[in-house]
Amino acid sequence: MSRVRVLVGTRKGAFVLESDGKRQKWDVSGPHFGGWEVYHLKGSPADPNRLYASQSSGWFGQIIQRSNDGGKTWEAVGNTFAYDGVPGTHQWYDGTPHPWEFKRVWHLEPSLTDPDTVYAGVEDAALFRTTDGGQNWSEMPGLRGHGSGPHWQPGAGGLCLHTILLDPSNAKRMFIAISAAGAFRTDDGGTTWLPINRGLKSQGIPNEEAEVGHCVHRIAMHRSRPSVLFMQKHWDVMRSDNAGDSWTEVSGNLPTDFGFPIDVHAHEPETIYVVPIKSDSEHYPPDGRLRVYRSRTGGNEWEALTNGLPQSNCYVNVLRDAMSVDSLDKCGIYFGTSGGQVYGSADAGDTWSAIVRDLPPVVSVEAQTLDG
Amino acid sequence: MGDLMIRVALPAHLRDLASVDGEVVVEVAGSVTQRTVLDALEARYPVLSGTIRDHVTLKRRPFVRFFACGQDLSHEPLDALLPEEVVGGKEPYLIVGAMAGG
């Protein structure tokens, strides 16, 4: 019988939640790396017991941890993230040039085929890769070398590369997203990159349809249709049917189209999920009601999923990496909140319950579906 | 003269990271300075590389401070000799995580 493991990164450590395929009773272990911020953990699709974790601290910097036994034990691996060549400058908040400085790893994306190969999205925005299980990290310099780098400007959370999507059908194609530069695609394994932001409109930037400068919060794809992308932008939910060459808005009847995470049902490529947040200055759900919205039509037509979620006095946020799906039948979906709750649904969002309620603020959630 | 044994006190999070309890002792050959002690510490415990000073610039991380014998050495030259009490093993070299954040 299949099992599910949910990896939870929080402001004060990592937690591992495990259940059988019924997903009713959960074992919780942790905190791992207690007291440290864990922006992200993720398992290798090629070896689900090989996990990688980004552990960081304002005091002591960046650590990368690796587990070979599904999170029971961990070992620190390489933590040198040195930019390739002379780093140069990007724009600071006031528009002045600011030197590129490594701050932390936001997202770790293991290769689909090799447990020792992992991509890391970092702040200040750049893409790194290891091919030796995390011992050594090298920048893939083509991204910052694309030419627009000096014009990238940080979002409120920093100039972070937070999303990495690997195309299961084309090993040379990859998508990434940066706040607040936008989305980029490579078709040659990372040597060269193309900004893919046509159709995005962002009020408040000098040219609201600029090639770069958009605050993309998250991109998602279904592995069976890797040219169809869904995006939660700062404001607006968007979709692309041509691998990002152009985007159209699909916010439809959402109560607000601001938010952070977006994800796709494991078995229904047109079923997508978002968590609407009232605004960029409030960062909590509208009306104090925590609602996941589901569209079964790839956007535009949305339904509120509320069964089991708090519908009064709820003022938590759900961050961009804090939603994930498993691939059981029925599809399970999980998300974590700034209030320390991790909610799970074993029926594609129809009903929800809290797996844990009192963790530190949740930064990331990743679900793994395991055999046996 | 053989290598000198220098006592180093680490903050709790770095003790956990290095899997040690209490003070550690590192061997330093030649002059005992902040730089040679930190070099020896990182060589003995590679997991600490980058946690006290930047990998590339070797600058002290902003919320880390260095003390010995009641003195704040955080802004002293890295190549200045450490006090005799540290060299002789009477006092530890203290690496401290700043109390910050309210």
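**Aromatic pairs, chains and cores**

Over all chains, the structure holds 18 aromatic pairs. A pair here means rings of Phe, Tyr or Trp (its six-membered ring) with centres within 6.5 Å; planes under 30 degrees apart are called stacked, over 60 edge-to-face, and the rest tilted. Before I take one of them, the conventions. This is a predicted model, in which local features need pLDDT of at least 70 and side-chain atom pairs count only at pLDDT 80 or more, while totals for chains, interfaces and linings use all residues. Residues are numbered from 1 along each chain as its sequence is written, chains are lettered from A and ligands numbered from 1 in the order in which they are written, and side-chain values use heavy atoms, with hydrogens and water left out.

Now the pair. The ring centres of A:Trp152 and A:Phe184 are 5.4 Å apart and the planes stand at 55 degrees, so the pair is tilted. It links distant parts of the chain, 32 residues apart: A:Trp152 is in the loop between β13 (138–139) and β14 (160–166) of chain A, and A:Phe184 is in strand β16 (residues 182–186) of chain A. Strands are DSSP runs of E of at least two residues, helices runs of H or I of at least four, both numbered from the N terminus. Are A:Trp152 and A:Phe184 buried or exposed? Both are buried, that is, under 20% relative accessible area, with exposed being over 50% and partly exposed in between (1.4 Å probe, protein chains only).

Elsewhere in chain A, ring pairs join A:Phe81, A:Tyr83, A:Phe102, A:Phe128 and A:Trp137 into a cluster. The charged end of A:Arg144 sits over the ring of A:Trp100, 4.8 Å from its centre; the criterion is NZ of Lys or CZ of Arg within 6 Å of the ring centre and within 35 degrees of the ring normal.

Chain A as a whole has zero helices and 30 strands. Of its 372 residues, 60% count as buried. Strand β26 (residues 323–325) of chain A contains A:Val325, which counts as buried at 16% relative accessibility. Leaving out residues up to four places away in sequence, A:Val325 touches A:Asp263, A:Val264, A:Ala266, A:Cys331, A:Gly332, A:Ile333 and A:Ala367; contact means heavy atoms within 4.5 Å.

On to chain B. How many helices and strands does chain B have? Three helices and five strands, in the order β-α-β-α-β-β-α-β from the N terminus. Buried residues are 40% of the 102 residues in chain B. The C-alpha trace of chain B spans about 45 × 25 × 25 Å along its principal axes.

The largest nonpolar core has 40 residues, and those touching the most other members are B:Ile6, B:Val8, B:Leu10, B:Val37, B:Leu41, B:Tyr93 and B:Ile95. Such a core is a set of buried Ala, Val, Leu, Ile, Met, Phe, Trp, Tyr and Cys residues joined through side-chain atoms within 4.5 Å. Helix α2 (residues 34–44) of chain B gives the most to this core, with four residues. Apart from it lies another core, of 34 residues, including A:Val6, A:Val292, A:Ile333 and A:Val342.

Back to α2(B): its buried residues are B:Gln34, B:Val37, B:Leu38, B:Ala40, B:Leu41 and B:Glu42. They pack against β1 (4–9), β2 (24–28), β3 (64–68) and β5 (93–97) of chain B.
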